[in-house]
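Okay, thanks for coming, everyone. Let me put the model up and then we'll walk through a few spots.

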Amino acid sequence: MKVKTISRSTDEFTRERSNDLQRVFRNYDPKLRPQEKAVEYVRALNAAKLEKIFGRPFVGAMEHNEAISCMAKNPNHLKGIFAGSEDGDIRLWDITSRRTVRKFPGHRGAVRGLTASTDGSRLVSCGADCIIRRWTVPVEDSSEDSVKPEDFHISKNAYWGVDHQWKGDQFATVGAQVDIWNHTSNAPVRSFQWGTDTVISVRFNPGHPDLLATSASDRSITLYDVKTTIPIKKLIMQTKTNSIAWNPMEPMNFTAANEDGNCYSYDLRKLNEATMVHTDHAAAVMDIDYSPTGREFVTGSYDRTVRIFRYNGGHSREIYHTSRMQRVFCVKFSCDASYVISGSDDYNLRLWKAMASEQLGVLLPREKKRHEYDEALKNRYKHLPEVKRILRFGLGTLFLVCIKVYTYQYESSFSPLLLCTGLDTGTTRGHTWCTRVSSSAQGHWR
Amino acid sequence: MVETKRKGRDEPKHNKMKKQKSSGSKTLSTKKKSKRNDARKGPRLPNSLRKEVERLNPSTQLNSEDEDINSDEGEFLTDDIYEYEEKIPQEESRKNRRFDPVENFEYELPEDFEDENVPSDDDEDEDDDLMDNGGNKLEDSHDEIEEDDDGRHVRMLEGITGMPSEAFEGNKKKNNVVISEAYPESEYNPTRDVLDGGGRISMEDLLGTLQKKPGFGKLRKIMDQMKKSEAIEAPLPTVIREKMERQAAYKISKKDMAKWEPLVKRNREAPTIYFDEDTDLGFSTVGAIASEFEPRTEFEKKMASLVYDDDVMEAHKKDGSRLLELNQVSMEDEKERHNRIAKMRSLLFRHEMKAKHIKKIKSKTYHRLLKKDRLKTAAALTEMDPEAAKEQAMKQEFKRAEERMTLKHKNTSKWATRILQRGLQVQDEGTRAAITEQLQQHALLTRKMNSMKDGSSSSSSSDDTSDEDDVDEDSSVLKEGRASKLLGKATEKTLKILEEEEDEVPDSGIFSLPFMERGLKKRKEAAEDEAKLALQEYEVSMKQLDDPSGAENSKIKASSGRRVFGAANIRAPESRDVIKTDNFYANSDSDDDLEAKENIFDMGKDGSCDMQKDVHVDSVLPHEFPQDSVFKSFDDIVRDPGPKTTYDVAIFASDKWRKMESRNKVDANSKKSPVAVEPEYNQDLQEPVKEVGENSDTESEGQMVDGIISLDPKPTYELPSQTELIRQAFAGDDVEEDFENDKQEILNEENPEPEKPVLLPGWGQWTRVQKKKGLPSWMLKEHENAKRKREEALKKRKDAHLKHVIISEKLDKKAEKLLTKTLPYPFTSKEVFEQSIRMPIGPEFNPATAVGALNRPAVVKKPGVIIKPIEFKEVNPHENKEGHKWSGQKQKTKKSKSDGSMPRKKMKKAEGKTKKVN
């Protein structure tokens, strides 16, 4: 007679340490679990709902005495952000405690441009008072409250923007012309001029540090190389470009924020057409900044909202707005890609989460796994009608509110977005829906 | 671009020129030159305009040129008019003068001439182009070409004949004469005389004079090289130059950008990009942290000075052997140390032994004495030493706190509670005593020891000057206390002595002698007097002391409020039986609530205790009753529906379980309602079913069957047995019938047949009436209606007239939720999409090793880690993509698709919006 026995080798089944897990064998035969797909669908639905429920992106606000005109992040220090306002006040904010760490007094007019060197030790500011000031950013524990400028340079024309090279010691200012400066010299190293119009924004390419792009009030975007003495290329848009951002992970691509409420992504090598048009804003886009991951960018607009787009998405992924929030003049993505900071006309810097429903703080491994699983499920079932509806429009109750708002707003012929946002119940998704409805309804009404 | 094209076109022309005689080529090129000169003058007019101008005033130009232009014009606009002009023989025209008669013979082929000029038409256009791009550079190149032609010709001759080029000078000059005819066209060569006189002065001419000089060969070589090399271009206008520079720079930067392409492509195609690598946590080792340490305090500095002593450091740096030298200790020191330690050890040992011995002693009296001793010394210490007093006070305080917290002596122990429950009266004397003793101990322990505390606080207070008075007061109080005690002792002693003296009258010996007795008596009396006096004194002083001390005591009482000393102390031992009175406790410091409880126990009677309990219970009961009633009611409810539901399984004794049950009950109730509804549904459902059952007998099925029957028999042919064979072969499976049946089933399912009306005996009517009348008419009517409706529904179906088709009209709304209406965007085929969501990704359905990879997000980053922009590194495009097989395959395809097709979609929109300017 033959007897079958279960035999296991001790080598495989002995634990090395007492806290090692015992090996467990499971049969993953799908026949044994006929409901797996249904289970996952329900989980995806729940994950989508939870995303809406936990979607509270606003973290806090930091107040100035005037409208915020420009910001600069400290590339070497995660929680430091410089903000300049219309009254010439520059402050270094500590994002974690949301308190002013330092003040940089000196500008008489509005501060138009701010930038910090890559090591975060130097700050350059320029403004409508025709002055460029250079500051040394004080170390953490020095006690004095305000900082004196290290150096300044006065010119004939007002300055409109400044940006620092990544890892180099050069920075560029724009205004009547484009000047390239050095930290050591007191006069511009190089000046470019192409056309007579005022240049309003400048941005260095972080991946390819010699390259910079400027936009001017003659609707042009111009590319320069600091190594050469001449500009490289000019692109004329249909509307003025307010700001430009380079994709930090793809040095050939940049996105321009335009006056017509759209953003245009371009490939440097093929400038005859935009690779992508990002639409959604209802008014001029004032500022744009790429996420350090290169997969997203944030825009701030004159329609009082902040939006987050995917680098290849035609429509925004997220829209942020709070009560009493005014026209947004500047936006920045934090250096770790998990926060967004916006500065607006209502004297406030606002701190937002980049992912509205993200859980902050240290996550346990199991929590982390769970979040990943939820994300994956949402991504997998996002095409199914129920999940899609929740992901796009949020949970049901808001729906009706929005319809009311929308009908009202067209009767009263106010700015559509204002009213929508004013009556919103707090979740951000409502806005998206509102704007979409309003844009589609505009066609219907006219 | 234009230039290269131009050159490309030029070359064939040159070839042609070469084929021709030199004179021909010359004329051609000169003509070209003249045109170019035109072009050079001032702002350029459009061709048509210029033609007009030239036609209007031909006199401004030389005749020959005019003619030339005419001919050119003819070429420009291939019009009839100009053709006509061209056909005028050249000799007749005013050009005559230009052509040497001799050369004329050689060169009279008007049609040939025309042919040659045709390409020059292009030239003109190209020149126009050139102006667009702003190159007079190109003109220069033409000059150069011309020169080149000369040079080539000469070189050719050289090559052929093997003679030096100078040998052909004459020939060339001769040729030049021909060429010279062309020159007047140009503004640079206005006079014919110069040309006739031998043309331009060439470099060869100049060199000719140097022929015999040394170094001529070298010079000639250089000259040859110069001839070969390009001529230096004239500087372009800045605008054009900049434009070209910009173009070049853009080209370069484009090329620069190309290097990023593989890197970016790899990142885009990767299923996951990671931004959480190599975080620098700073120091990691203990040594690294320690090296940063700087001594700050005195002690640390001292240590540092020793550790970083030069000698020691040096010794460390060397092999370390010197450390031993530094460590040397003298013999005496070591010995002394050894002795000291030995002594200490022996002392310790003895002490230990003694302690052990004492501990072993079991005698109770000894221990009692020991305790007494200890107390005495403690008391003495408190009197003598303020420090010790403080300590004592602290100890007392601690004990008090402990007692107040634990209530150890508050009849809380099992034993005490049991006794109290039984009643104190019942107990024997010993137990009662024990209980009272315990309470007393509690009272003692919990009493506040104010004097100690005050004394300690005042002595510990740092403000000596301000507290001096207090200290004085306190010390006086102490003194007074002590003094009174001393006095008391003294009086006692004196009294004792007095008594003793009375008792101790010796009866025998010397003292018994009479004179001795007398003497003693006298002395005694004197002593008694003295003693009395002393007693009086004592009393007086006692009184004196009492008054102020009493006053002060009262003061202190007033200030502290609770202090109770002497009196209570004295009374306590006196009245053990009186303890039950309130006075004692009123005086004592115990808290009010404690007091109250104490009172209860002091009242001490069982009855009262019981009463209290009853009250408590009563107070509780009203709360409990409703609960109980609720429970009961629930119980009832549970019991009542019990037989119907499954919840009668067990009724538990404890309330918790009852509660559970009650909850269950609620569930049951909630469940009950749907249950109650269900039967109705069932009835509704059953009716049509029954009707169907009835119906099936009658009409519809019969029809259907008819239909099938009519379909079924196929006409048989007398043809070979083939078909028969086939039929035999497939005799078993009648496909069509199967299909019909299937269709019927589906029809029945989607449009169910109405239920047959059922006659329930005794329901509605008496059975005999039912038997007589059959089904009631309304039932039949209803049934008829339902049947008709079904027929209509079946007729309306899309597949009503299609025998071989089933079109399902059943729309499952629940299933609809799980389907997409259209194919989602990145997917191109249904199969691919279905594949992508076929396998589950959850941890329950996949092994732990795979779950992580399946669920990994596209971007992995750590909050709080700064992400730097991309940095260039070489990418091997053929290398294996690292990582995660599982998720890789699936997501990659999606990604690449989205990347590829998305921009294309948007192209048109984008094009409309922007306009390019270089």
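I'll go through a helix pair, a salt bridge and a surface patch.

Quick housekeeping: this is a predicted model, where local features need pLDDT of at least 70, side-chain atom pairs count only at pLDDT 80 or more, and totals for chains, interfaces and linings use all residues. Residues are numbered from 1 along each chain as written, chains are lettered from A and ligands numbered from 1 in written order, and side-chain values use heavy atoms, without hydrogens or water.

So, chain A: the axes of helix α2 (residues 36-53) and helix α3 (residues 365-381) come within 8 Å, crossing at roughly 105°. Helices here are DSSP runs, H or I, of at least four residues, numbered from the N terminus; axes are lines fitted to C-alpha atoms over the stretch in contact, with angles from 0 to 180 degrees between N-to-C directions.

Now look at A:Arg43. Its side chain meets that of B:Glu844 in a salt bridge, 2.8 Å, N to O. That term means a Lys or Arg side-chain nitrogen within 4 Å of an Asp or Glu carboxyl oxygen. A:Arg43 sits in α2 of chain A and B:Glu844 in the loop between α38 (830-836) and α39 (848-855) of chain B, so the pair joins two chains. The whole structure has 35 salt bridges over all chains.

Last stop: B:Leu306 is in helix α16 of chain B, and that helix, residues 298-307, gives the nonpolar patch its largest share, 4 residues.
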